[in-house]
Amino acid sequence: LLSHRYNNYSMVQELFRRGHEISTHSITHDNDEKYWQNGTQSTWQSEMGGMRDLLSRWANIPKDQIYGSRAPLLKLGGNRQMSALANEGFLYDSTMVAPLNNPPYWPYPLAFSTPHRCFGNAQKCPTRSHSVMEMVMNEIDPREEPGDIDEQVSGCSMLDSCTEIRNADSLYNVLTHNFIRHYEQNRAPLGLYMHAAWFVKLPEMMDALIFWLDEVLRTYNDVYVVSMSQVLAWMQNPTTSNQAVNFLPWADKCTSLDTPDTCLVSNDCSLTTPHLNTKQRFQTCNECPDYYPWLGDTLGVNAN
């Protein structure tokens with residue numbers, strides 16, 4: 001999930017080549033919650049559709065391979081947000097948080113009412129039908145092992161927001177506990193959401209995550225690490241574990257390193273825009289634009 005400012009489009013292009021799924025997180029990442037909650041449909045389309053235009057133009061990712069989005073601050077914009085995503089042709093949203101629940105929730109279509117209550121502080125959930133899938137964010141149980149069934153527990157929408165995760169050992173235990181919750185109940189996808197800065201500040205968390213992933217994949221022959229669109233592809237065409245190796249939507253991404261690197265040079269541009277007060281760095285494998293691309297000017301031509 002990417003927003004625009006401080007983004008390195010050359011690195012994003014390489015991540016996509018390696019098989020990572022790239023989704024939109026808006027252009028401005030405005031930190032005013034009301035901007036998102038009260039945003040018009042046009043605002044949402046400009047932010048999310050515009051970010052997809054930026055990724056396509058400056059990271060050379062085909063638009064039809066940018067499938068989803070998540071709102072900044074996890075602030076929902078209700079029907080206007082989802083109508084905008086549908087109009088822009090997005091396959092899924094991944095903003096809605098589901099309260100900690102056993103069993104956890106599978107992704108669901110917003111063509112129908114959500115299977116859980118509208119959750120969060122003053123959230124504005126959609127109330128109408130929309131042709132978008134919701135890759136729901138199941139809250140993580142922050143306990144390191146199962147507790148009393150009647151115990152009141154506050155979950156975490158993102159791993160790095162769990163204050164109970166204090167060190168690498170507690171991360172390993174929380175991941176194991178939640179994996180078992182999902183695996184032994186309804187096998188709803190276990191989404192692992194965190195910010196990259198967490199690993200920069202606490203590199204031992206990255207070590208613990210990789211150790212845990214390796215252990216799970218060695219232990220279970222029916223567990224897979226897949227992207228959001230690959231989850232939806234499997235839901236549309238469920239395939240048994242003994243046939244998963246031939247499941248084309250999963251096999252395609254395994255060959256991405258065979259794709260040649262077309263980035264001959266990464267240009268480090270220093271650009272201005274009338275919309276911001278200071279010069280902005282802008283890295284892309286393409287030629288530098290005349291102006292810093294921004295909301296309403298994704299080509300960086302200052303046509304406004």
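The structure, a predicted model, holds 4 disulfides. One of these joins Cys118 to Cys125, with a sulfur-to-sulfur distance of 2.0 Å. The link between Cys118 and Cys125 is right-handed, with 90 degrees about the S-S bond.

Two packed helices are described by the angle between their axes and the distance between the axes. Helix H3, spanning residues 41-58, packs against helix H4, residues 78-87, at an angle of about 50 degrees, and the two axes lie 8 Å apart. The crossing of H3 past H4 is right-handed. On the H3 side, the contact is formed by Gln41, Trp44, Gln45 and Met48, which meet Arg80, Gln81, Ser83, Ala84, Leu85 and Asn87 of H4. By residue class, the contact of H3 with H4 comprises 4 nonpolar, 5 polar and 1 charged.

The model also contains an open sheet of 4 strands, arranged in the order E1-E2-E5-E4 with mixed pairing. Strand E1 (68-69) and strand E4 (108-109) form the edges, each pairing on one side only. E1 and strand E2, the latter made up of residues 92-93, run parallel and are joined by 2 bridges. Within this pairing, Ser69 has Asp93 in E2 as its bridge partner.

Notes: Residues are numbered from 1 along each chain as its sequence is written. This is a predicted model: local features need pLDDT of at least 70, side-chain atom pairs count only at pLDDT 80 or more; totals for chains, interfaces and linings use all residues. Side-chain values use heavy atoms; hydrogens and water are left out. Axes are lines fitted to C-alpha atoms, for helices over the stretch in contact, and angles run from 0 to 180 degrees between N-to-C directions. A crossing is left-handed if the near helix is turned anticlockwise from the far one by less than a right angle, and right-handed if clockwise. Contact means heavy atoms within 4.5 Å. Ala, Val, Leu, Ile, Met, Phe, Trp, Tyr, Cys and Pro count as nonpolar, Asp, Glu, Lys and Arg as charged, and the others, Gly among them, as polar. Two strands pair if DSSP finds at least two bridges between them. A disulfide is a pair of cysteine sulfur atoms within 2.5 Å.
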